[in-house]
Amino acid sequence: MEDAFPLANTWGSRFRGLLPIRPRGLLTLPADLLTARRLANRLRADTVGFRELHRLERTVSDLLVFQLEGKAMQPPLVVKHPRSSRAATSLALGCEAVRVLTRDDRLEEWRRLLPPVEACRLQERLPLVAEGRLPGVEGDALLRRSPGRTRLVAVSALRAVGDLHRATGRTESVTGRIREWVDPQLSVLAEEIRWCREGRGAAATEALRERLVRGLAGRTLTVAWTHGDFHPGNILLNEKHGTITGVIDWANARPDGPCAIDSYIFVLTLRHQRGGRQLGRIVADVVRRGSLLPEDRRLLAEADVPPPDEDPDAAVLPLLTWLWHVAGNVAKSARYGRSHRWVAGNVMPVLQEVAGR
């Protein structure tokens with residue numbers, strides 16, 4: 001059997017691949033607090049104290065994020081500081097997407113779900129983005145505390161993103177869009193994940209491309225503003241009623257995407273959160289069965305997506321969804337592509353299942 005992770009050239013590369021993908025913030029906390037205070041003082045005319053900085057964390061996507069409490073007439077802010085050029089690029093893309101959507105009159109009341117960008121200073125020596133803090137609690141946190149509210153939350157989220165798609169979308173034949181929807185994402189995997197560009201991994205990646213091209217050719221889908229990473233962690237909810245109050249992290253958004261993937265990624269990541277299995281293994285099961293689970297199909301009925309039972313290949317949209325998700329992750333941060341555990345759980349199972357059919 002081919003080694004999934006060929007020996008790297010240096011011990012340092014091999015060691016980094018075994019480290020946990022999530023940053024350990026305890027050792028860096030003193031330095032991070034000082035950086036956060038410097039960032040906050042650039043946003044406020046008066047001196048900011050450490051007590052005004054809350055929920056400080058380093059994210060997987062190379063961001064230092066914290067909440068800055070409001071004073072007097074000043075609104076509370078969510079401040080993001082990129083710690084790599086990739087993270088800065090992602091923040092710039094997200095700011096631009098929110099800027100365009102905020103000015104889109106077709107969205108009307110939907111625009112209240114967008115985070116107001118108060119500052120986007122990414123060319124400065126200490127770059128930052130500051131967003132007005134939307135009301136509500138993160139969807140994944142709410143579901144961990146109240147798993148019995150899963151369906152209520154899912155229906156609220158799927159209907160909300162469906163409203164975005166209906167307001168900005170149009171139905172068209174997508175044959176001419178296949179290359180822009182598939183090839184750049186596959187290129188990212190090959191560039192960032194060594195296994196995907198050598199031996200069986202490269203062959204499996206090509207098998208995925210062929211299956212997606214074959215399955216999408218001649219299809220008619222809704223093309224619309226697509227969030228691109230619409231999972232429970234990127235929505236905010238009213239804790240009492242479970243209704244959606246905000247949608248955050250627009251770095252992967254685009255105005256002419258295959259918007260059905262927003263609903264599919266929400267349903268698939270919801271299953272990941274409830275069961276604890278890696279997303280790649282969940283999608284590999286979909287490919288193996290040739291369909292989503294009945295419960296997931298019923299949830300998708302709440303959204304504006306093609307009925308999966310009517311597709312000649314019901315795994316095509318889940319595969320396209322998975323591809324956009326993993327390509328978006330590895331583009332945001334090198335942590336993903338160099339993590340042996342993440343690749344083994346989220347990338348290899350899908351590609352190996354596709355290659356085996």
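Biologist: Let's start with the overall picture: how many helices and strands does the secondary structure come to?

Modeller: Happy to begin there! The model is a predicted one, and the protein in it has 357 residues. Its secondary structure comes to 14 helices and 11 strands.

Biologist: What share of the residues count as buried?

Modeller: A residue is called buried when its relative accessible area is under 20%. Applied to the 357 residues of the protein, that gives a buried share of 51%.

Biologist: Which residue in β5 is the bridge partner of Ala119?

Modeller: Let's find the strands together. Strand β4 covers residues 117-121 and strand β5 covers residues 128-132, and they pair in the antiparallel sense over four bridges. The two form a hairpin, with six residues between them. Across this pairing, the partner of Ala119 in β5 is Ala130.

Biologist: Now for charges: which residue does Arg42 form a salt bridge with?

Modeller: Side chains of opposite charge can pair when their charged atoms come close. For Arg42, the closest N and O atoms of the pair are 1.7 Å apart. The pair links distant parts of the chain, 82 residues apart, with Arg42 in helix α2 and its partner in the loop between β4 and β5. That partner is Glu124.

Biologist: Helix α2 also holds Asp32. Is Asp32 buried or exposed?

Modeller: Asp32 meets Arg58 in a salt bridge, at 2.9 Å from N to O. Arg58 sits in strand β1, 26 residues from Asp32, and is partly exposed at 22% relative accessible area. The cut-off for buried is under 20%. Asp32 has a relative accessibility of 6%, so it counts as buried.

Biologist: In which helix do Asp183 and Arg179 both lie?

Modeller: Their side chains meet in a salt bridge, 3.8 Å from N to O. Asp183 counts as partly exposed at 25% relative accessibility, while Arg179 counts as exposed at 66%. The two are four residues apart, about one turn of the helix, and that helix is α6.

Biologist: One last thing: which residues are linked in a network of salt bridges?

Modeller: Good one to finish on! The structure holds 30 salt bridges. A salt bridge here needs a side-chain nitrogen of Lys or Arg within 4 Å of a carboxyl oxygen of Asp or Glu. The residues linked in a network of such bridges are Arg170, Glu172, Arg177, Glu180, Arg254 and Asp256.

How values were computed: Residues are numbered from 1 along each chain as its sequence is written. This is a predicted model: local features need pLDDT of at least 70, side-chain atom pairs count only at pLDDT 80 or more; totals for chains, interfaces and linings use all residues. Side-chain values use heavy atoms; hydrogens and water are left out. Buried means under 20% relative accessible area, exposed over 50%, partly exposed in between (1.4 Å probe, protein chains only). Two strands pair if DSSP finds at least two bridges between them.
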